Amino acid sequence: ATCVESLKKTNRVVVVEEANPIAGISSELAYHFQRHTFDYLDAPVIRVNSMDIPLSYAPSYIDVTIPNVSRTIEAIKKVMYKS
């Protein structure tokens, strides 16, 4: 209910989750936002997830594939300037 009330104020949603894009919490949230609050949305629901790529155990790759500040800001700008 709190998320829906927040959505009604901004009419936009960005969901950030450090998980694979398939079958994660963010996919469930995006589904429910689109289903139950479609009339309030002025832009598509944007999800920022970990990239779905094979990953070696090098820390430099992990830092690039998980959601980070620059990817999150890019998603927010994308949803905010969508007309």
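Which residues of helix 2 are buried? In this predicted model, local features need pLDDT of at least 70 and side-chain atom pairs count only at pLDDT 80 or more, while totals for chains, interfaces and linings use all residues. Residues are numbered from 1 along each chain as its sequence is written, and side-chain values use heavy atoms, with hydrogens and water left out.

The buried residues of helix 2 are Ser26, Ser27, Ala30 and Phe33. Buried means under 20% relative accessible area, exposed over 50%, and partly exposed in between (1.4 Å probe, protein chains only). Helices (H or I, at least four residues) and strands (E, at least two) are DSSP runs, numbered from the N terminus. Seen down the axis of helix 2, the buried residues fall within an arc of 130°, so they line one face of the helix. The arc is that of the directions from the helix axis to the C-beta atoms. On the other side of helix 2, Ile25, Arg35 and His36 are exposed. The buried residues pack against helix 1 (2-10), strand 1 (14-16) and strand 2 (46-48). Contact here means heavy atoms within 4.5 Å.

Helix 2 spans residues 25-36, 12 residues in total. From its first C-alpha to its last, helix 2 reaches 16 Å, close to the 16 Å expected at 1.5 Å a residue. The expected span is 1.5 Å times one less than the number of residues.

Ala30 and Phe33 also belong to the largest nonpolar core. Such a core is a set of buried Ala, Val, Leu, Ile, Met, Phe, Trp, Tyr and Cys residues joined through side-chain atoms within 4.5 Å. Val45 touches Val13, Val15, Ala30, Phe33 and Gln34, not counting residues up to four places away in sequence. Apart from this core lies another, of five residues, among them Ala43, Ile46, Val48 and Ala75.

The whole structure holds two salt bridges, each a side-chain nitrogen of Lys or Arg within 4 Å of a carboxyl oxygen of Asp or Glu. In one, the side chains of Glu5 and Lys8 meet at 3.5 Å, N to O. Both residues lie in helix 1, three residues apart, about one turn of the helix. Glu5 is partly exposed at 44% relative accessibility, and Lys8 is partly exposed at 33%.

Arg12 forms a salt bridge with Asp42, the closest N and O atoms being 3.9 Å apart. This pair links distant parts of the chain, 30 residues apart. Arg12 lies in the loop between helix 1 and strand 1, Asp42 in the loop between helix 2 and strand 2. Arg12 is buried at 19% relative accessible area, whereas Asp42 is partly exposed at 43%.
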